Amino acid sequence: MSVRPQDGHEAMQNARWGSSLESNQAAGTRLELLLFELEGRQLYGINVFKVQEVIPFRQMTRLAGAHPLVSGIANLRGVTMPIMDLSRAIGGPAMKDPESGYIIITEYNRSVHGFLIRRMERIVNTQWDQVQSPPRATGPGAYVTAITTIDDRIVEVLDVEKVLDQVVHASTEVSPDLTARINAGDRHVLVVDDSTVARNQIRRAMEQLGIRCTLVPDGRHAIDLLEKMIAEGTDVSGHFTMVVSDIEMPEVDGYQLTTWIRSRPQLADLYVLLHSSISGVFNVDMVKRTGANKFIQKYHPDDLALAVQERIAADSPVG
């Protein structure tokens with residue numbers, strides 16, 4: 001038996017989230033988590049939007065010289081993909097008897113990957129403002145972007161981008177022709193993302209364009225910073241060329257952050273670029289609903305550079 005969390009999923013989410021946003025601008029956007037276990041009783045979760053399917057274990061081929069976290073490759077639904085031992089990838093023990101486990105097929109950053117897990121628990125509904133950032137004591141090496149509680153059990157929401165970065169390093173190199181023709185001047189960008197890997201990818205791309213970055217881990221921290229700047233009398237729209245924000249973040253997600261920005265007269269001209277590994281027409285629609293200026297899919301440094309070029313061109317005086 002296989003589970004396909006996305007069957008009919010986007011259409012239903014469009015209706016549910018769109019209605020929720022219209023009825024209550026302050027409400028958190030809906031989050032569906034796929035809950036599962038690895039080697040142990042700890043519950044983990046990932047966003048259902050990033051899951052294509054969950055299937056029982058399939059035989060795979062081990063490639064010579066493959067990364068130690070890659071258990072093998074398999075052809076699933078006509079796509080050949082690497083299958084990673086998720087337990088090992090987050091610093092746990094290797095999967096015991098993988099043949100009795102499952103494979104989560106995911107799409108992150110424009111590529112498809114499989115993750116070995118022990119058992120799928122279920123899919124649960126919550127909201128991003130019900131999900132908390134992990135305690136600081138977890139440290140920078142943790143593979144968790146958020147935590148929440150479901151039926152009195154703590155759920156660790158995994159930073160899959162950080163997991164994947166151990167095996168598949170996303171390029172952060174901007175094409176030379178773009179760096180040559182973009183005159184950034186004295187530009188500054190606010191980067192909002194709960195993944196340390198994603199924040200640093202964006203920072204490295206921006207630095208190649210001569211752009212300084214302020215990095216914050218979620219929408220709540222971004223709001224705190226912007227409120228402080230407003231209170232100090234800073235021209236925020238003049239200080240930041242743009243805000244580059246992830247969408248899926250704990251406490252205050254990218255949609256809520258954008259809605260908050262658009263509710264503040266002092267930030268009326270602040271340019272907001274939403275940047276997410278979740279693709280689809282839903283995000284394009286939500287860009288319009290929340291008042292964001294643009295949406296691009298993670299992660300390609302040239303796409304970011306082109307978005308910056310477009311913003312600078314629009315912001316530059318004519319003649």
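**Figure 1. Contacts and overall content of the predicted chain.** In this predicted model, residues 24 or more positions apart account for 67% of the contacts in the chain with a separation of 6 or more, a contact being heavy atoms within 4.5 Å. The secondary structure comes to 10 helices and 15 strands, where helices (H or I, at least four residues) and strands (E, at least two) are DSSP runs numbered from the N terminus. Of the 319 residues of the chain, 50% count as buried; buried means under 20% relative accessible area, exposed over 50%, and partly exposed in between, with a 1.4 Å probe and protein chains only. Residues are numbered from 1 along each chain as its sequence is written, and side-chain values use heavy atoms, with hydrogens and water left out. Since this is a predicted model, local features need pLDDT of at least 70 and side-chain atom pairs count only at pLDDT 80 or more, whereas totals for chains, interfaces and linings use all residues.

Figure 2. The 13 residues of H5 should span 18 Å at 1.5 Å a residue, and the end C-alpha atoms are 19 Å apart, which agrees; the expected span is 1.5 Å times one less than the number of residues. Val197, Ala198, Arg199, Gln201, Ile202, Ala205 and Met206 are the buried residues of H5, and what covers them includes helix H3 (160-165), strand E11 (188-192), strand E12 (212-216), E13, strand E14 (272-276) and helix H10 (301-315). After H5 comes Gly210, which has a positive phi near 80°.

**Figure 3. The crossing of H5 and H10.** The axes of these two helices come within 10 Å and cross at roughly 55°, axes being lines fitted to C-alpha atoms, for helices over the stretch in contact, with angles running from 0 to 180 degrees between N-to-C directions. H5 is therefore oblique to H10, given that angles under 35 degrees count as roughly parallel, over 145 as roughly antiparallel, 65 to 115 as roughly perpendicular and the rest as oblique. The crossing is right-handed, that is, the near helix is turned clockwise from the far one by less than a right angle. Ile202, Ala205 and Met206 of H5 meet Pro301, Leu304 and Val308 of H10.

**Figure 4. The packing of H6 (residues 219-231) against H8.** Here the helix axes lie 9 Å apart at an angle of about 20°, so H6 and H8 are roughly parallel to each other. Their crossing is right-handed. Gly219, Ala222, Ile223, Leu226 and Glu227 of H6 make the contact with Leu257, Trp260 and Ile261 of H8.

**Figure 5. Helix H8 and Tyr255.** Eight of the nine residues of H8 are buried, so that the helix is mostly covered. Tyr255, placed in H8, counts as buried because its relative accessibility is 1%. The C-alpha atoms of Tyr255 and Met286 are separated by 7.5 Å, although the two residues are 31 residues apart along the chain. Asp253 caps the N-terminal end of H8, with a side-chain oxygen 3.1 Å from the backbone nitrogen of Tyr255.

**Figure 6. Glu248 and its side-chain partners.** Glu248 lies in the loop between strand E13 (242-245) and helix H8 (254-262), and counts as buried because its relative accessibility is 5%. Its side chain makes a polar contact of 3.4 Å with the side chain of Lys50, and another, of 2.6 Å, joins the side chains of Glu248 and Ser276. A polar contact is a pair of N or O atoms within 3.5 Å; within protein, one must be able to donate a hydrogen and the other to accept it, and residues adjacent in sequence count only if both atoms are side-chain atoms.
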